[in-house]
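Please walk through the model below, beginning with a pair of helices and ending with the chain as a whole.

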Amino acid sequence: MRELTFNSSEEFKNSFVNETIQYSEVAVDNIQEAFKEGHKEAKLFYIEIEDVNYTFQIVVRKKDWLFVLEAAFERFQEANMVDRTIDTWTLIRDIKEGS
């Protein structure tokens, strides 16, 4: 799980708009780890927003892994990240075969 701290809710919002590739990589890595370990959910992010004194976790249940992975696959493909695209496709295939 990746820990993220933001000074404000605006900074948090902008981060998820501007850092989609980076966060997609974290999502894929954590889903892959959860899949290999046989977990029913993948813990992606622990987020703290300081100006509102708020913390939360982003967790994806197994039934939603393919949705997240397919979105990441498209982002990697658009960014011409060949190795990441192939690795994500392989994970999608493995999850489908293992379901």
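H2 and H3 are oblique to each other, a class left for angles that are not under 35 degrees (roughly parallel), over 145 (roughly antiparallel) or 65 to 115 (roughly perpendicular). This is a predicted model, in which local features need pLDDT of at least 70 and side-chain atom pairs count only at pLDDT 80 or more, while totals for chains, interfaces and linings use all residues. Residues are numbered from 1 along each chain as its sequence is written, and side-chain values use heavy atoms, with hydrogens and water left out.

The axes of H2 (residues 20–37) and H3 (residues 65–78) cross at roughly 140 degrees and come within 9 Å, where axes are lines fitted to C-alpha atoms, for helices over the stretch in contact, and angles run from 0 to 180 degrees between N-to-C directions. In H2, residues including Ile21, Val28, Ile31 and Phe35 take part in the meeting with H3, whose partners include Trp65, Leu69 and Phe76, contact being heavy atoms within 4.5 Å.

Along the sequence, the protein chain follows the pattern β-α-α-β-β-α-α, with four helices and three strands; helices (H or I, at least four residues) and strands (E, at least two) are DSSP runs, numbered from the N terminus. Of the 99 residues, 30% count as buried, that is, under 20% relative accessible area with a 1.4 Å probe, protein chains only. The C-alpha atoms fill a box of roughly 45 × 30 × 15 Å, taken along the principal axes.

Terms used. Buried < 20%, exposed > 50% of the residue type's maximum accessible area, 1.4 Å probe, protein only.
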